[in-house]
Structure formats: structure tokens, C-alpha cells
Amino acid sequence: MWRLFFYLMIMLKCSISLAFNFETNKVIIHKPTYSKSTHFGYSVAGYKVDNDSWILIGAPLTQRERIQDYGHLNRIREGAIYRCRINVPNSCYMLPFDKKDDWHEVRDQHGIYYAENKTDQLLGATLQVTDDIILACAPNYRHVSRVLRHDEFRYEPTGICYTLKDKMRKFEEHAPCRNSLWGHHRQGYCQAGFSSAIAKNDSTLFLSGPGAWYWQGMIFSIDLDNKDIRHKYPEKSGQGNEDDSYRGYSLGIGLFDDDNVEDLVVGAPRGRGSVEIFSSNFKLLHTIQGTQMGAYFGASIIAVDLNNDKYTYF
């Protein structure tokens with residue numbers, strides 16, 4: 001009898017799994033245009049403008065021709081976002097997220113040259129889409145500074161994000177860690193844009209920098225109307241036992257209090273791992289601790305209103 005029950009359970013399980021198979025008769029396939037070693041499909045999102053529907057596809061290892069190293073034209077692996085038609089196979093076009101050359105120098109009043117290096121920056125590793133905003137991040141983008149009297153270079157993965165707005169006509173960049181706080185002990189290894197979220201009213205951008213402050217991690221709230229940083233947490237390094245916790249490895253947004261303003265859920269998976277809930281102005285509301293060392297609790301977060309009661313479950 002128990003064997004019959006066992007076989008019935010196997011059959012039931014198989015039949016349930018078959019019910020969730022994808023359509024295989026009418027398949028639309030998109031492939032990278034040039035190189036196959038691009039990680040094409042690393043990130044995917046749907047986008048609709050007017051009556052046209054598109055698939056946006058991240059390919060963070062895409063090579064592009066750039067002017068690099070003081071005027072030389074090289075092919076560098078910097079990543080890309082492609083826009084593909086839903087119903088036409090292999091109809092992908094690269095979106096113009098970043099038109100600047102790889103080596104873009106600026107000198108400040110202290111005699112320091114600042115430049116940027118986009119080789120292996122992983123543009124397209126992070127991709128978010130709302131009704132009017134396309135966000136793509138390159139968390140391994142490197143900010144380069146050179147002190148003239150020492151002829152010393154610093155290559156630091158501060159990270160960078162780009163937004164396309166107004167039906168892909170308005171381009172902006174966001175680099176909250178590209179500042180004078182160099183070094184792994186501050187924000188030099190921030191990797192801003194490792195995770196991201198956009199408020200439903202399209203007014204606020206949330207970015208994480210899990211490499212800031214000895215890899216304790218950091219989160220930012222950015223006003224998308226004027227690009228100002230509204231809030232950031234923490235303002236400085238915490239205690240030594242918080243090192244390597246990777247706050248901001250994952251992000252989610254939702255309503256977790258009664259102010260009707262979207263709050264933030266933040267994962268910090270190292271050690272036993274934890275998930276923190278912050279209000280919209282980054283007041284810490286609650287912390288959930290993991291229980292098992294090395295389980296990476298908090299590495300992935302999904303926040304959703306399951307029963308339409310205006311409160312979010314995650």
C-alpha cells in the first residue's frame with residue numbers, strides 16, 4: 001500500500017511540474033550580435049514605451065571600441081544593455097547608456113587628475129525598469145586618481161549607474177561613491193549599484209555599495225529629479241565586528257510602516273547574515289538575524305504585496 005501511495009505521489013508531482021513548462025512551439029530567440037562571450041542575458045527586464053514592447057537584456061562582458069590610454073583606440077570589455085523586440089528574433093540594438101571615452105581626465109585645484117576606467121566594469125550586471133526609467137549599473141567601474149608630485153595612481157571600484165528617462169531621451173549618471181573618500185576603509189571600494197531599486201512614483205533611486213567601510217556596506221537614496229543624495233547609511237565605519245558583512249548585497253522596497261512612503265529592505269549575507277528594514281529616511285526599523293554561519297541569509301530579497309492590503313511581504 002505504501003508503495004502505491006509513493007508512486008501516486010511521484011506521478012502527481014510530475015504532472016504538476018509539467019503544467020508549468022514554457023511554450024516550446026513558438027520560440028523567439030535573441031542572440032548577441034558580435035561576440036558570444038558577453039554573458040548576454042545576465043539580466044533581463046521588460047519595457048514598454050507608447051505601444052511598443054521590448055525586452056532589455058544585459059550583457060556585462062560586451063566589448064566596445066573606446067579611446068583609451070591617451071588617445072589610442074582599443075576594444076575594451078565594459079558591458080552593454082540591448083533593446084530587443086519581443087516578437088522578432090535577433091532584433092537587438094545596443095542602448096546608448098554611456099558615450100564618453102574610457103579615459104576622461106579632469107584636473108582639480110589641488111593638482112590631482114581624476115579619470116575613469118571602464119574595462120571590466122560590468123555594465124548591465126544590474127538592470128531595473130519602471131514605467132519611464134531604465135536603470136543600468138556597472139558596479140566594477142573604477143575611479144582613477146593621480147597625484148602629480150608622486151605620480152601615483154589609485155584604481156578604485158567605486159561603481160556607477162546610468163538612467164534613461166523620458167522615453168529614452170534623457171540620460172543621467174549616478175556615482176555616489178565617486179568622491180574624495182578614497183580607500184577600502186572609506187568609499188573607494190564601494191561598488192555602487194551592486195543592487196538597486198526604484199520607487200514606484202519614479203522619484204527616488206535606491207543604490208547599495210556593499211564594499212564601503214571595510215566591506216561593511218552602505219545604502220543611498222537619490223532624488224531622480226535633481227540627482228541629489230537624499231540619505232545615506234551609515235555615514236561612517238561601524239565597529240570592527242561589522243567588517244565584511246556586505247550590507248546592500250540585495251535590496252527590496254515596500255510599505256512596512258504607516259507613513260505610506262516606500263521603505264527599504266537590505267540584505268547583508270556574510271557571517272550568519274541579516275536583513276534590515278529601513279524607513280524612507282533610513283531610520284532602522286527592524287533587523288532579522290540569520291541563524292546559520294555561511295548560509296548567506298539575505299543574499300536575495302523579493303518584496304511584494306501578496307494580498308493587495310497595501311502592505312509588503314518579503
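Reader: Which residues do ring pairs link into a cluster?

Author: Phe 194, Tyr 246, Tyr 249 and Tyr 296 are linked into a cluster by ring pairs. Rings of Phe, Tyr and Trp (its six-membered ring) pair if their centres lie within 6.5 Å; a pair is stacked when the planes are under 30 degrees apart, edge-to-face when they are over 60, and tilted for the rest. Before going on, note that this is a predicted model, where local features need pLDDT of at least 70, side-chain atom pairs count only at pLDDT 80 or more, and totals for chains, interfaces and linings use all residues. Residues are numbered from 1 along each chain as its sequence is written, and side-chain values use heavy atoms, with hydrogens and water left out.

Reader: How many aromatic pairs does the ring rule give?

Author: The count comes to eleven aromatic pairs. One of them is formed by Phe 40 and Tyr 82, edge-to-face, at 5.6 Å centre to centre with 65° between the planes. Phe 40 lies in the loop between helix 1 (2–18) and strand 1 (43–49), and Tyr 82 in strand 5 (residues 80–85), so this pair ties together parts that are 42 residues apart in sequence. Phe 40 and Tyr 82 are both buried. The cut-offs for that word are relative accessible areas: under 20% is buried, over 50% exposed, and in between partly exposed (1.4 Å probe, protein chains only).

Reader: Why is the pair of Phe 194 and Tyr 249 called tilted?

Author: The ring centres of Phe 194 and Tyr 249 are 5.0 Å apart and the planes stand at 45°, so the pair is tilted. Phe 194 is in the loop between strand 14 (170–174) and strand 15 (196–198), while Tyr 249 is in the loop between strand 18 (229–233) and strand 19 (250–254); the pair therefore ties together parts that are 55 residues apart in sequence. Phe 194 counts as partly exposed because its relative accessibility is 30%, and Tyr 249 is partly exposed with a relative accessible area of 25%.

Reader: Which ring does the charged end of Arg 270 sit over?

Author: The rule asks that NZ of Lys or CZ of Arg be within 6 Å of the ring centre and within 35 degrees of the ring normal. Here the charged end of Arg 270 sits over the ring of Tyr 246, 4.8 Å from its centre. Elsewhere, Arg 154 lies over the face of Trp 182, 3.9 Å from the ring centre.

Reader: How many salt bridges does a search of the whole structure find?

Author: A salt bridge is a side-chain nitrogen of Lys or Arg within 4 Å of a carboxyl oxygen of Asp or Glu. The search finds eight salt bridges. One of them joins Lys 167 and Asp 50, whose closest N and O atoms are 2.9 Å apart. That pair links distant parts of the chain, 117 residues apart: Lys 167 is in the loop between strand 13 (160–165) and strand 14, and Asp 50 in the loop between strand 1 and strand 2 (52–59). Lys 167 is partly exposed at 38% relative accessibility, whereas Asp 50 is exposed with a relative accessible area of 54%.

Reader: Which residues are linked in a network of salt bridges?

Author: The network holds Glu 116, Lys 118, Glu 173 and Arg 178. Within it, Glu 116 forms a salt bridge with Arg 178, with the closest N and O atoms 3.7 Å apart. Glu 116 lies in strand 8 (residues 112–117) and Arg 178 in the loop between strand 14 and strand 15, so the pair ties together parts 62 residues apart in sequence. Glu 116 counts as buried because its relative accessibility is 3%; Arg 178 is partly exposed at 29%.

Reader: Is Glu 276 buried or exposed, and what about Arg 247?

Author: Glu 276 and Arg 247 are both buried. Their side chains meet in a salt bridge (2.8 Å, N to O).

Reader: How many helices and strands does the protein chain have?

Author: Helices (H or I, at least four residues) and strands (E, at least two) are DSSP runs, numbered from the N terminus. The protein chain has two helices and 22 strands. Buried residues make up 44% of its 314 residues.

Reader: What does Met 293 touch?

Author: Contact means heavy atoms within 4.5 Å. Leaving aside residues up to four places away in sequence, Met 293 touches Gly 271 and Arg 272. Met 293 is in the segment after strand 22 and is exposed, with a relative accessible area of 55%.
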